[in-house]
Amino acid sequence: MTVNAGPAPRTLTDDELVDLLDAQRFGVLATVKRSGHPHLSTVLYQWDAKERVIRVSTTADRLKARQIRADPKVSLHVSGPDVWSFAVVEGDAELVETTDGPDLEPDRRLTITFTATRLYGTALDIPKAEPRKIRSTATPDLPHAPTNSASVPGRRSSMSSEQVTR
């Protein structure tokens with residue numbers, strides 16, 4: 001049996017979850033495919049902490065929009081500032097038509113909106129290692145011996161062509 005002496009993951013508090021969602025902008029939206037398997041899309045999201053609502057812009061012809069019409073259950077996974085922390089927001093999504101903007105075609109631009117019915121996440125607090133001291137193995141300054149500068153790449157030789165051919 002392997003014993004892990006490292007720290008265990010800890011559950012993030014509600015304040016930590018809200019802060020993590022506020023600090024990030026990209027997440028992975030999970031919708032449900034016909035087969036029941038998750039469909040994952042990297043998305044840019046907006047988090048309204050006061051209302052506890054997630055908003056994601058999409059278009060009507062995207063797979064995620066079609067899947068939400070069939071089954072509104074969604075999850076948004078958001079990674080923290082390191083690989084050891086994350087937040088997940090779960091809820092039932094609605095598709096809201098977006099009608100503002102000069103270049104928008106009718107019935108094309110949508111906003112996926114869902115209220116957090118469940119919010120959870122964890123973090124793994126790994127202690128920072130003390131900086132290790134590096135011992136110098138350099139030799140003390142010695143008088144420089146003459147070198148053949150022709151053997152150093154990019155360096156011109158101070159020797160004449162006569163001396164080099166001897």
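**Charged pairs in a predicted model**

The side chains of aspartate 71 and lysine 73 are joined by a polar contact of 3.1 Å (a pair of N or O atoms within 3.5 Å; within protein, one must be able to donate a hydrogen and the other to accept it, and residues adjacent in sequence count only if both atoms are side-chain atoms). This is a predicted model, where local features need pLDDT of at least 70, side-chain atom pairs count only at pLDDT 80 or more, and totals for chains, interfaces and linings use all residues. Residues are numbered from 1 along each chain as its sequence is written, and side-chain values use heavy atoms, with hydrogens and water left out.

Lysine 73 and aspartate 71 also form a salt bridge (a side-chain nitrogen of Lys or Arg within 4 Å of a carboxyl oxygen of Asp or Glu). Aspartate 71 counts as buried because its relative accessibility is 17%; buried means under 20% relative accessible area, exposed over 50%, partly exposed in between (1.4 Å probe, protein chains only). Lysine 73, at 49%, counts as partly exposed.

The whole structure holds 5 salt bridges. One of them pairs arginine 52 with aspartate 14 at 2.9 Å, N to O. The partners sit 38 residues apart: arginine 52 in the loop between S3 and S4, aspartate 14 in helix H1 (residues 14-23). Helices (H or I, at least four residues) and strands (E, at least two) are DSSP runs, numbered from the N terminus. Arginine 52 is not a glycine, yet its phi is positive, near 60°.

Glutamate 16 bridges to arginine 10, with the closest N and O atoms 3.0 Å apart. Shared partners join Arg10, Glu16 and Asp125 into one network of salt bridges.
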